[in-house]
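Please read them alongside the sequence and the coordinates.

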Amino acid sequence: MLTDHNWILTVGVFLPLAGVLIMLFIPKEEESLNKAIAIITAAVTLAVGIATMAWFKYGSDSSKLQFHVDVAWIPAIKSRYIIGLDGVSMPLYILSMVITLLVMIYSWDHIPEPGNAKAFMILMLILQTGMAGTFVAQDLILFFVFFEVVLLPMYFMIGVWGGEQRQYASLKFFLYTMFGSALMLVAFLALFFQTGAQSFSLEYLYAHSSMISTNVAVWIFAGMFVGFAVKVPMFPFHTWLPDAHTQAPTQGSVILAAILLKLGTYGFIRIAIPTLPQAAVKWAPVIGVLAVIGIIYGALGCLAQTDMKRLIAFSSVAHMGFVMLGISTLTQFGINAAVYGMVAHGLITGMLFFLAGSIKNRYHTLEIAKMGGILKRIPRLGWILGMCAMASLGLPGLAGFWGEFPAILSAYSPFHNDYVHLSQPLFRTLMVIAAIGTVLAAGYLLWMFQRVAFGEASPLIAGDVDADGNDLHAGAHAGDHAGDHLVGERGHGAVPFSVGAAGNADPHAEVHDVGIFEWIAWTPLLIGIVVLGAYPDLMFKVLNGSVTKLLAPVQALTGK
Amino acid sequence: MLSTLLASDVVAPFSSPKIDYHALAPELVLAGVIVAVLLADLFLEESKKWVLSTIAGFGLLAAFIPIVTLAVSGHRARSMFGGAYVVDTYSLLVKGIFLLAGYVVVLLSQNYLEEGDYYQGEYYFLLLSSILGMVMMGSSRDLVTIFVSLEFLSIPAYMLAAWRKRDLKSNEAGTKYYLLGVFASAVMLYGMSLLYGDTGTTILKGIGAKLQNGSMSPVAVLGIVFVIIGFAFKVSAVPFHNWAPDTYQGAPTPITAFLSVASKAAGFVALINLIYVAFPHGGDVFQPMIGVMAASTMTLGNVMALRQTNIVRMLAYSSISQGGFILMPLAVAGGKSSGNALTAIVTYLAVYAATNLGLFAVIIAVSRKTRSGEVSSWGGLFSYAPLLGVLATAFLASLAGIPPLGGWVAKFGAFRAVITSGTNWGYALAIVGAVNSVIAFGYYGSLMREIWMKPVPDGDTAPIRTPSSLNAALMICGGATLALGVVPGIILRFSDIIKL
């Protein structure tokens, strides 16, 4: 069977753990060596991923599960090690590898406090295994295991390397997700027994979905809904997200936004809808309404934020709302858009969090009010921020557009066949409201960009004061006259640059434009945003076949 | 009077029962080791007492050998003494768990006893006796045998709990454990006498044939209830759990580990024997009772654990709550999910033993340095003892049921068993369990937070030196916890062959 290359998925998923194994034997003082091994592991993993892409059969075969492996794992509970890749999982699988590698490269000179690069890198590698595994698992129990594997590393990433409120944020993240996945597990088991307790294999469950009565299915779907909706996160389960994002280190935010949130939406597409089509039809209006509430709520939340990272976090709630709206239509069009939106959001929001991290790194604050005119000081970073804001608000020609616009459009004609149909008036109303959401998105993103980037450089950006508002130029005096020091009384430049006394060397020296590791980490994402924006068919072609296949159980509904 | 009785035909001439020495080999080996420890203690000088722990450890491993030979011998069940004592695959499996858990406890005890200057010979003698009682419990299929095994395993444990005799807390632990334990025994014995009175036999199988749903006499119902209450004390199920936190906190830490794992497991084994063999048709009586106990045990244990600041006390409540999860499958035993429930409990016991013993090994290792049992004393553990920190995290994650560590298999099995029953009652129990597994992370997570995210309390970051016996215990438990989670087949494969 080697001709199928079906070993490649297993290697791609577990290779990061090999890196972990090697790193365990290297003392943590060898920081560079640890980082290098981690980056090489991630790079080799990505190379395996690219080989997977190269061997993947496109065209009409893309709807088939490729590199399919099906071997015994836990016979006693009829769970098997089944993995495979189709058009829907492939982009996400590769995206997880790309993001992990880029985040690691970015970490080369950006290990957050309190250091310990070894542990940080090991956690990221474990995360990578969990994420990639979730996207290839074709057995519910295997899926569940991978789905949970990501929890602890992310918990520690936020809790150890995060900001001030890190312990609160990490626990909140953990408890929310764990609550969701506990109910999800119960739902999985119920699904298993309702389909005759034969197999956890998704293929089997798709084929036997009609064995479950609609009433029972609605309840099982409820369990899965909570599990996946917490992860997405959908309104009203979203409250962990702003905290987790704001407190997480840059790397954690990027991985969280780019990949972890997608585990939830992916779960809907891969598991909840095809295994329980009769319940999906009942739940679709609820999902649609909650999705649109999320869009508007997220946008309004953004308008109220004063912290850049928190603003981006809320924008995630809104964007995932578009994805969920696309999914809730249960149409081929909508779900194609949703998967596209997932990848686009991964690239764009991941990039935005990178930028936020780099700004914080330079100015030690993300208070929008204190910023202004960064285009004057660090123009390259400023323009990249501008481009990402445009991509995020859905500017045609950039990746965001192809996730958002078709998702809205799909709500015009939600799922219907000869027997079952979703309420057209409801979804058309949702469509209109979602469209208003895009206007709001343009509003908060442009407003944010305007406040941060345009105009004259603010005292902070110009390097006249530090993040706490202390006048840097008065450093030496500040040390001497701490008591009678008042920032407002001193004119800018009244005191010549002072060096040393208060530990503030020339403030202008530390603010440099985009650095070399940042360029390496960001360029692939920026290229991705442009390419996927300019040539959307590149991905739609891969997705379409699989989406059609996943929706087949819904199409086959007879309304009984 | 007596002479006429003896002379009459009522008393049949005594003939020795046929004894299958192979089947009894584990017990015989253990008994031999107990005697060896006692004798060696008499002749060893004070400085050579460490030999005792070696004898005890190797003795337990030696007792494991006949278990393996019995398992491969092909006989499905060897029944002795008129069905009172049965050696089958199920009993071999639980005996194996008891012996290995006992071995790890010996490893944990070694340095603890030497450094604390406690009596060693008597300690190992009592520990081994208690383990022998547990091993016997695995095979007991008769009310009297069960009672004898139970006392055999409990009485040494009462003394061991009070082993730190210079410490009032330990005295309290022993006394409390003894008084409540004896009370529970009395209640249970009363229940057994009712059962005997109603059915006219003490052999569980015979009782099982007589007790049928719907046609049970009130006396039999009371008997079942009392017997189950007696064991509810043993497994510290709510509302009979009050002794556990004080006893766990006061007892020497290795004994706490022993009580929370092996002794509790023995209680569950007894419950399984009774429910599966004697009350399989008494579901109407025991199912609601155990269901309510399971739900309240896991909930109350969790809620109380959330407020603890002492690690051992927290783990005492955690162990109560885990006991609720182990009870959960028993609440649906007797129906169509019997097989799943049995697998679930045995799996849970094995996983729980590996995980909890491992966690206690970490506690013992850390307290060698910090000399404290407070949660806050674990602050920054990862920064100065990364291996211990990671192991502790793994054990905690396993207890919380997070894949890929063993705990998820155990929890999964428990959920699976109650959901197979297909009743609303089963689903409700599953949801209570699901919610509880989230609450539990509240305190498991708080320990993880100390390990990873808090500063070292006194700034003392000297590494922790662990003696080799403790290292061995950590490696055994860590390896088992991970292996059970990644390839659960190693324990679940027995699910087809363990039947009662």
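**Notes on the model**

1. Chain B exposes about 17,900 Å², of which carbon and sulfur atoms supply 67%. Accessible areas come from the Shrake-Rupley method with a 1.4 Å probe, and for residues only the protein chains shown count as cover.

2. This is a predicted model: local features need pLDDT of at least 70, side-chain atom pairs count only at pLDDT 80 or more, and totals for chains, interfaces and linings use all residues. Residues are numbered from 1 along each chain as its sequence is written, chains are lettered from A and ligands numbered from 1 in the order in which they are written, and side-chain values use heavy atoms, with hydrogens and water left out.

3. Chain B contains 20 helices and 2 strands; helices (H or I, at least four residues) and strands (E, at least two) are DSSP runs, numbered from the N terminus. The C-alpha trace of chain B spans about 80 × 60 × 45 Å along its principal axes.

4. Of the 500 residues of chain B, 63% count as buried. Buried means under 20% relative accessible area, exposed over 50%, and partly exposed in between (1.4 Å probe, protein chains only). Among contacts in chain B between residues at least 6 apart in sequence, 80% join residues at least 24 apart; a contact means heavy atoms within 4.5 Å.

5. Over all chains, the structure holds 50 aromatic pairs. Rings of Phe, Tyr and Trp (its six-membered ring) pair if their centres lie within 6.5 Å; planes under 30 degrees apart count as stacked, over 60 as edge-to-face and the rest as tilted.

6. A:Tyr106 and A:Trp522 form a stacked pair, at 6.4 Å centre to centre and 25° between the planes. A:Tyr106 lies in helix α3 (residues 89-107) and A:Trp522 in helix α21 (residues 516-534) of chain A, so the pair ties together parts that are 416 residues apart in sequence. A:Tyr106 is buried, with a relative accessible area of 1%, and A:Trp522 is buried at 0%.

7. The rings of B:Tyr158 and B:Tyr178 are edge-to-face, because their centres are 5.4 Å apart and their planes are at 80°. B:Tyr158 is in helix α6 (residues 143-161) and B:Tyr178 in helix α7 (residues 168-199) of chain B, 20 residues apart. B:Tyr158 is buried, at 6% relative accessible area, whereas B:Tyr178 counts as partly exposed at 42%.

8. One aromatic cluster in chain A includes A:Phe143, A:Phe188, A:Phe237 and A:Trp283.

9. Most residues other than glycine have a negative phi, and most peptide bonds are trans.

10. A cis peptide bond also joins A:Phe235 and A:Pro236, with omega about 0°. A:Pro236 is found in the loop between α9 (214-231) and α10 (240-247) of chain A.

11. B:Ser236 has a positive phi, near 45°. B:Ser236 sits in the loop between α9 (218-234) and α10 (243-250) of chain B and is buried, with a relative accessible area of 0%.
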